[in-house]
Amino acid sequence: MAPNKTGDELVFFVNGKKERIAKSHGSQCGFCTPGIVMSMYTLLRNKPEPKMEDIEDAFQGNLCRCTGYRPILEGYRTFAKTQSNKQQKQLCFKGERVTWIQPTTLKELVALKSQYPNAKLVVGNTEVGIEMRLKNMLYPVIIAPAWISEMNAVQHTETGVTFGAACTLSLVEEVLRKAVAELPPYKTEVFQAVLEQLRWFAGPQIRNVAALGGNIMTASPISDLNPVLMASESKLTLVSNEGKRTITMDEKFFTGYRKTTVKPEEILLSVEIPYSKKGEYFSAFKQASRREDDIAIVTCGMRVLFQDGTKRIEKIKLSYGGMAPTTVLALKTCQELSGRDWNEKLLQDACRLLAGEMDLSPSAPGGMVDFRRTLTLSFFFKFYLTVLQKLSKNHNGTEVPRGQAVEDMVGRPLMHISAAKQACGEAVYCDDIPHYENELYLTLVTSTKAHAKILSVDVSEAQTVPGFVCFVSAKDVPGSNITGIANDETVFAEDVVTCVGHIIGAVVADTQEHSRRAAKAVKIKYEELKPIVTIQEAIEKQSFFKSIKRINKGDVKKGFEESDHILEGEMYIGGQEHFYLETHCTVAVPKGEDGEMELFVSTQNLMKTQEFAANALGVPSNRVVVRVKRMGGGFGGKETRSTILSTVVVVTAFKTGRPVRCMLDRDEDMLISGGRHPFLGRYKVGFMKNGKVKSLEVSYYSNGGNSVDLSYGVMDRALLHLDNSYNIPNVRSMGIVCKTNLPSNTAFRGFGGPQGMMIAECWMSDLARKCGLPPEEVRKLNLYNEGDLTHFNQKLEGFTLRRCWDECMSSSNYHARKKLIEEFNKQNRWKKRGMCIIPTKFGISFTVPFLNQAGALVHVYTDGSVLLTHGGTEMGQGLHTKMIQNACQTILKRLEPIKQSNPKGSWEDWNIRTDIVMDVGTSLNPAIDIGQVEGAFVQGLGLFTIEELRYSPEGNLYTRGPGMYKIPAFGDIPTEFYVSLLRDCPNSKAVYSSKAVGEPPLFLSASVFYAIKDAIYSARKDSGLTEPFRLDSPATPERIRNACVDIFTEMVTASGFTVCSLPHMECVCWS
């Protein structure tokens, strides 16, 4: 740790970080920026001259939903080059329900654990904190052993490295990395495996505080490190009043789910990670939904020791996490393999044995049963090849060469107007508004059932919580309880709830903590009704919203008759959580006369916020003032759904006569606010032998949730984009919105367009395969041309799509790279690459015509300052910045005659490698526009490959919060990310010849999905499968692995334990 800095030095140090992120356009909505600045600050305090790899690692725990990460890394690239001895005293804090004790000596700690055997030992609070906060668990006594010197010691012994149990994972990483650099490679096989697991273990913020001992004692069945420690037979030293004992971390250590052999009064003192021996090899593997900062689906540690100078196994340990309630050893398999030679026969037998031993019930917690069982075999196969490579010292495989970063900027890239304030934490968001005197805090009480009658609501226990003020429900609404875009929702549920998360009431208290405790104490009794959760269930039960959308063109029947081929299929596209960094937030302040109310809301839609609040209060709209300075992201999620919170808060403020505040936690926000509509598309397409499309019949079904909201508009736009960029002579289409018992889905960047286009690219990809032609040739053959009519009869004018296509093909070196990929795939059986180019034609406008208008008012004061008022909200897209640029141009033009007549006058006198080619018209601000393209692309990358919402059959959302729902992180962006704006393509119908840039780029990330599908085609071809196949979105690791049909997937799907024998496998060393 660097020496402490003075206040002035600290300000200067942090200012350098904020300036670089601001000037590199790395701040859009700005809500995440202070956290990123402080991560960089922490890194530079600890390592003043970091490498670029250190900078990338430092951000593993940070998330950004706007930028696409590239400008942040570019800004901080400029920093890269090519403990106190004070005597501590025991501390003890007693809260209302928890006592927290921090001893200073091992003797004190042992005595405390003897006195409180059930007390939790906490170092970083990374597990217990979550359990208490999110799982409602209570631990009356918590002991913090972070100051115990013996538990922080590191010792190098003859047999390994011993770490105190309180050593942080960052320290473990640092010590082992140094050992790997200094010791012979044969001694550090286990260390390298630990480092590989730590590389993807949470983020540095967690690793800096999480302890090695805590990771073990938590006894998580999906722990990243426990399989490594078990397979390596690490030694654990335990201490209690009875003395010390040392045990081996083996198959007997974990006795059940979250249980170990450690006695209640014992403390884990230290962990010895052993050196490996000559002839010993060790590997660790982990599969998660996202590469970095994500929990494992399956994890493992694998170790083999050969008899001296041979390939005969002396000892083997295969340990898995995610395959049982505990970390387990494959004991039977290991026993069978001992004494065998390391050859292909052993590989076949090992896979057969593991398929039988690593079994899972179809109802196993976590699901994905076939995928997890396949992973156990795939991991062993990777281990086999890794060891084979080390034994043979041979390596095959080629890498696609990397290029150099190129940015094609046009115009003047003015920095985001609020970037500097956002970077240093000075930008004010809704919850940053100072608390009012006498302010109350609100917590929602929501339904735990997807469909049920409310029998009773009991608040008696809640009333006993300190600070409780009142419970608010439907009977407290002074105006109308009916709300929503289609007037089909209620402020508070009255008799029936129609989704999990349906707002029934709210508890108001003096503090946030008290209101949360009181809300949890509210008891609700239900009479459950049968819920409808999925699109398939809605179709079966004909549960639809009334309006059915249709767009037809030409003679579909004749088109099919004239076609050489007809292809039918369907595709499912999952929903997506908005995951704006700032959750829904409202502060309501009663003004004390005539029912006036002032609201500070994080919303994209001030009009509906005002209208719904006035309607609930029973007052005219002019009595309600709504203010929003900026949002920490919105993406459509705050267009209408912010009102479900703001209306509740305003009713509560009216009832209490006091200011009321509520900011949702992430899990609450995800539970109640809905997201992108899941879609099911069924298609029938007719086409010629050369791939030319003749006729299309398509039906779209969307999951609207429990209310209409904006679902009709989303379906309209999906149907308007069913062609994507392709000229289809004959079209028959239908769109149906399903009514289900999920929270109402709503607007999301793209507004139905990405779903409509995704299904178009699905059938386009499959028909190209059916014709045996390169997909890019078939796509280009079907592209629209200038002057063509769309299926909804819009004439395409100023249509630059073919220019974008040709420029992208050229700048990306598409054909040369494709040849390299084909050659790579020929040489590699078990590792495949793919490539795809996707066009996008995106229509910008509201489908309700009168909404397509806006206005702005500019006041120029006599001192030269300017007040600019307009009807848009700032959520990171740079709207204020662009408006200022436009206003400046207009003002300067009007000032010109005055300046010429009086050039010396005062203000008082004047009175004033992903490659993307994108057509944004004449860019108003290329830096902001490129940031929008990158941010949209990465958000789409999440939609199509990572982000998956999972619900129970009863309608409960499993993927609630960042622990279970993963958005792309810094490590998920393309290594080479090239964005260029098409030149010389002005738009005569818009402000300063510009074009929309926020929504259109999102669908371009479908190229990643279809590149993955291209790679899967190559893998399936090696297994003798060449027909088109179904791959739903998102293309998660589970879907990808299961689609790559091979011997391993066949083994785990075989009935019972009778598994197929393995044919000869191409055992090329792992590449």
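A: Tyr683 stands opposite Val698 in β31. Helices (H or I, at least four residues) and strands (E, at least two) are DSSP runs, numbered from the N terminus. This is a predicted model: local features need pLDDT of at least 70, side-chain atom pairs count only at pLDDT 80 or more, and totals for chains, interfaces and linings use all residues. Residues are numbered from 1 along each chain as its sequence is written, and side-chain values use heavy atoms, with hydrogens and water left out.

Q: How many bridges join β30 to β31?

A: There are 9, between β30 (residues 679–687) and β31 (residues 693–705), and the two run antiparallel.

Q: What order do the strands of that open sheet take?

A: β24-β32-β31-β30-β25, 5 strands with mixed pairing. Two strands count as paired if DSSP finds at least two bridges between them. β24 (549–553) and β25 (565–573) are the edges, each with a single partner strand, so one side of each has no neighbour in the sheet. The twist averages 10 degrees from one strand to the next.

Q: Which strands does α23 touch there?

A: α23 packs on the sheet against β25, β30 and β31. Its direction makes about 40 degrees with that of β30. Contact here means heavy atoms within 4.5 Å. Axes are lines fitted to C-alpha atoms, for helices over the stretch in contact, and angles run from 0 to 180 degrees between N-to-C directions.

Q: Now the largest nonpolar core. Which residues touch the most other members?

A: Tyr700, Met758, Trp763, Leu767 and Tyr1010, out of 73 residues. Helix α23 (residues 753–771) gives the most to this core, with 10 residues. A nonpolar core is a set of buried Ala, Val, Leu, Ile, Met, Phe, Trp, Tyr and Cys residues joined through side-chain atoms within 4.5 Å. Buried means under 20% relative accessible area, exposed over 50%, partly exposed in between (1.4 Å probe, protein chains only).

Q: What does Tyr700 touch?

A: Its contacts beyond four places in sequence include Phe679, Leu680, Met715, Leu719, Ile736 and Ile759. Apart from this core lies another, of 54 residues, among them Ala179, Met230, Phe253 and Ala284.

Q: And α30: how many of its residues are buried?

A: 13 of 17, so mostly covered. Helix α30 (residues 1006–1022) reaches 25 Å from first C-alpha to last, close to the 24 Å expected at 1.5 Å a residue. That expected span is 1.5 Å times one less than the number of residues. Gly1024 follows α30, with a positive phi near 85 degrees.

Q: Which peptide bond is cis?

A: One joins Ser1033 and Pro1034, with omega about 5 degrees. Pro1034 is in the loop between α30 and α31 (1037–1043).

Q: Is β18 enclosed or open?

A: Largely enclosed by the rest of the structure, because 4 of the 5 residues of β18 (residues 468–472) are buried. 4 bridges join β18 to β22 (residues 503–509), antiparallel.

Q: Where does Cys662 lie?

A: In strand β29. Cys662 is the bridge partner of Thr586. Cys662 is buried, at 2% relative accessible area. Its C-alpha is 9.7 Å from that of Val508, 154 residues apart along the chain.

Q: What about Arg373, buried or exposed?

A: Buried, at 7% relative accessibility. Arg373 sits in helix α14 (residues 369–392). A polar atom of the Arg373 side chain lies 2.7 Å from the backbone oxygen of Ala355. Away from its sequence neighbours within four places, Arg373 is in contact with residues including Met323, Asp359 and Val1052.

Q: Which residues other than glycine have positive phi?

A: Met368 is one, at about 50 degrees, in the loop between α13 (344–357) and α14. Phe635 is another, near 60 degrees, in the loop between β28 and α20. Met368 is buried at 18%, and Phe635 is buried at 11%.

Technical notes
A polar contact is a pair of N or O atoms within 3.5 Å; within protein, one must be able to donate a hydrogen and the other to accept it, and residues adjacent in sequence count only if both atoms are side-chain atoms.
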